[in-house]
Amino acid sequence: MLTHQGTKTLRTNRLTLRRFTVEDANLMFENWANDTRVTRYLTWPAHTSPVFTKQLLESWCAEYEKPDFYNWAICLDNHPIGNISAVEISERDESAALGYCIGTAYWRKGIMPEESYDTRVLDIAPNGGLVVDTAEGEKIVTSGEVVHIR
């Protein structure tokens, strides 16, 4: 059984994954939500207005009360450049698929390594980190580091 911890802040050397705030609406709209190249394979279409983006963020922020809701703003220098979320959480399989997107200005900069395309969340570590299964093996993604555990 997955031990849900909710969306907790995670850090790498370059990035911070944190909860969205409604104040992120304009940057989200400008950096990726209005771009059809980014939203082409997402479950939602490109936004036509920052007002719509703000409404979406209000909805997401209300979901943060749920311990099984995982939706992070991917931030570079504390500016949102994309998002990553756990989708299709399966308690039975104790896994979840990750879905993510980043603005085109940040493509091909090593922010989302190709191995992430085949990544499954296996569990939530006690510190709020994610236990993920990648092509390289199982890892714990913690606050600030990736630790190989298999």
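**View 1. Phe20, Trp32 and Trp60 come together as one aromatic cluster.** The model shown here, as in the other views, is predicted. Under the rule used for pairing rings, the count comes to four aromatic pairs. One of these is formed by Tyr64 and Phe69, whose rings are edge-to-face, with 5.4 Å from centre to centre and 70° between the planes. Both Tyr64 and Phe69 are buried.

**View 2. Tyr70 and Trp72 form a stacked pair of rings.** A pair of aromatic rings is described by the distance of the centres and the angle of the planes. For Tyr70 and Trp72 the centres are 5.9 Å apart and the planes meet at 25°, and because planes under 30 degrees apart count as stacked, this pair receives that name. Tyr70 has a relative accessibility of 4% and therefore counts as buried, and Trp72, with a relative accessible area of 1%, is buried as well.

**View 3. The largest nonpolar core has 15 residues.** Those with the most contacts inside this core are Phe20, Met28, Trp32, Ala33, Trp44, Leu57 and Trp60. At least two residues of the core are supplied by each of helix H1 (25-33), helix H3 (50-63) and strand S3 (71-76), and H1 gives the most, with four residues. In soluble globular proteins, nonpolar side chains tend to be buried together.

Note on methods:
Residues numbered from 1 in each chain as written. Predicted model: local features only at pLDDT ≥ 70, side-chain atom pairs only at ≥ 80, totals over all residues. Heavy atoms only, no water. Phe/Tyr/Trp six-rings, centres within 6.5 Å; stacked < 30°, edge-to-face > 60°. Buried < 20%, exposed > 50% of the residue type's maximum accessible area, 1.4 Å probe, protein only. Core = buried A, V, L, I, M, F, W, Y, C linked by side-chain atoms within 4.5 Å.
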